[in-house]
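User: I want to learn how to read a protein model feature by feature. Please take me through one.

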Amino acid sequence: MFEMMILGIESSCDETAVAVLKDGIHVLSSKIASQLSHARYGGVIPEIAAREHLESIVPLYDSALEEAKISSKDIDAIAVTQGPGLMGALLVGTSFAKGLAKSLQKPLIPVNHVHAHIHGAILGLPENLRETLYPSLALVVSGGHTHVYVMKNPVDFELIASSIDDACGECFDKVAKLLHLPYPGGPAIEALARKGNAKSLVMPRMMEQKDRMEFSYSGLKTHVRYLLEKEKDTLTSERIQDICAAFQKEAFEQILRKVQHALSIYTNTRSILVSGGVAANQYFRSLLTEHIPIPSYFPNLKYCSDNAAMIAALGYHMYKNSSDTKVFYNDTWETYSRYEDVKV
Ligand code: KG4
Ligand code: ZN
């Protein structure tokens with residue numbers, strides 16, 4: 001049995017997080033400090049984020065160890081978010097992790113944040129289920145990404161689709177802003193949509209061409225913008241609920257269409273893994289569960305948005321699957337701010 005106590009560190013955006021995992025699956029602690037100061041600006045301010053990470057990281061590390069009831073000498077390896085993310089924010093986590101790994105003389109595993117989100121959906125699945133997942137179609141639907149991967153095993157990520165413009169969560173945030181709803185906008189739109197009738201108006205269908213494995217969200221946002229301008233003198237709260245419901249329906253049906261198309265190509269797929277902040281949406285969960293013939297798995301709500309348990313979980317598999325673990329004693333790698341596989 002491969003036993004390992006692994007520390008995860010996350011600081012890519014506006015959440016500082018530290019977690020302790022045993023054997024890549026048992027979460028002994030998962031501490032998150034969310035930065036609330038960005039709300040008043042309607043988005044994350046990179047410089048403020050970096051400063052707040054600096055203040056939070058050491059107390060968070062102490063409390064994660066305390067809750068896991070371990071001391072630093074019990075740590076077998078450290079996994080840290082290498083990218084993508086805000087450069088100043090990432091540097092706080094990676095510098096702390098590099099210093100810690102050197103002083104403890106333990107391996108340091110650089111983890112891709114977007115890939116790690118998928119492990120948020122795997123965490124919590126019973127052992128016998130985890131063995132039946134692959135090949136899997138894995139979705140990361142967040143404020144920054146609308147990505148679909150084919151995964152043959154826990155560390156193999158083949159990107160097969162992404163957005164050509166806005167990410168799905170970003171579109172929710174922008175439409176919420178048009179409606180003067182608080183940031184982040186996803187939960188507020190979902191709540192209004194629940195009271196509305198999605199069928200009372202028609203939204204344009206984005207990326208209708210079935211064989212284009214790409215997403216697009218900026219046209220949908222622009223459509224809502226012109227609709228709100230046109231109706232501004234007559235808008236009622238019921239009409240806003242209907243608009244939210246119709247918008248939400250099309251935002252997620254676009255994903256459903258693309259997943260259905262991907263399944264017609266990757267016919268040996270055994271599961272759908274859905275992750276990222278948008279995976280918290282209950283309508284989205286029901287839509288996929290109802291229309292996809294193979295099992296869809298979603299993260300526990302606490303592992304939908306940014307956390308360090310998912311970083312430690314992927315780090316564990318990277319270590320376990322590595323043919324030469326000596327590479328994890330080399331800390332000369334650099335952080336990266338943009339997702340490496342996507343042309344920008
Ligand atoms: O994964 P995440 O916490 O952060 C990154 O972007 O990495 O995702 C945040 C995104 C935001 O755009 C937020 O509006 C969206 O997830 N979101 C939702 C819901 N909860 C969060 N979107 C739709 N419905 C929700 N219930
Ligand atoms: Zn994230």
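**Ligand, pocket, strands, backbone**

Analyst: The shell around ligand 1 holds four nonpolar, eleven polar and three charged residues. Here Ala, Val, Leu, Ile, Met, Phe, Trp, Tyr, Cys and Pro count as nonpolar, Asp, Glu, Lys and Arg as charged, and the others, Gly among them, as polar. This is a predicted model, in which local features need pLDDT of at least 70, side-chain atom pairs count only at pLDDT 80 or more, and totals for chains, interfaces and linings use all residues. Residues are numbered from 1 along each chain as its sequence is written, chains are lettered from A and ligands numbered from 1 in the order in which they are written, and side-chain values use heavy atoms, with hydrogens and water left out.

User: Which residues come nearest to ligand 1?

Analyst: A residue is near a molecule if one of its heavy atoms lies within 4 Å of it. Around ligand 1 there are 18 residues, and the nearest are Gly-143, Asp-173, Glu-190, Gly-277 and Asn-281.

User: What polar contacts does Glu-190 make with ligand 1?

Analyst: A polar contact is a pair of N or O atoms within 3.5 Å; within protein, one must be able to donate a hydrogen and the other to accept it, and residues adjacent in sequence count only if both atoms are side-chain atoms. For Glu-190, a polar side-chain atom is 2.8 Å from a nitrogen atom of ligand 1. Backbone atoms take part too: a polar one of Gly-143 lies 2.8 Å from a ligand 1 oxygen, and a polar one of Gly-186 lies 3.0 Å from an oxygen atom of ligand 1. Alone, ligand 1 exposes 550 Å², and the protein buries 85% of that. The areas come from the Shrake-Rupley method with a 1.4 Å probe; for residues, only the protein chains shown count as cover.

User: Which elements give two or more residues to that shell?

Analyst: Helix 5 (168–178) and helix 6 (186–195) do. Helices (H or I, at least four residues) and strands (E, at least two) are DSSP runs, numbered from the N terminus.

User: How do I read a pocket, and what lines the second largest pocket?

Analyst: Rolling a probe the size of a water molecule over the atoms shows where empty space is left. On a 1 Å grid over the protein atoms alone, where a 1.4 Å probe fits, a pocket is an open set with protein on both sides within 12 Å along at least five of seven lines; lining residues have an atom within 4 Å of a point. The second largest pocket holds about 330 Å³ of space. Its lining has 14 residues, with Glu-127, Arg-130, Tyr-316, His-317 and Lys-320 closest to the centre. Helix 10 gives the largest share of that lining, three residues. By class, the lining has seven nonpolar, two polar and five charged residues.

User: In what order do the strands of the open sheet lie?

Analyst: Strands of a sheet pair through backbone hydrogen bonds, either parallel or antiparallel. Pairing requires at least two DSSP bridges between two strands. The open sheet has six strands in the order 9-8-7-6-10-11, with mixed pairing. Its edges are strand 9 (214–215) and strand 11 (296–297), each pairing on one side only. Inside, strand 6 and strand 10 pair in the parallel sense over five bridges; Leu-137 stands opposite Ile-272 of strand 10.

Technical notes
Grid points are joined across faces, edges and corners, and a volume is the space filled by probe spheres set on the points.
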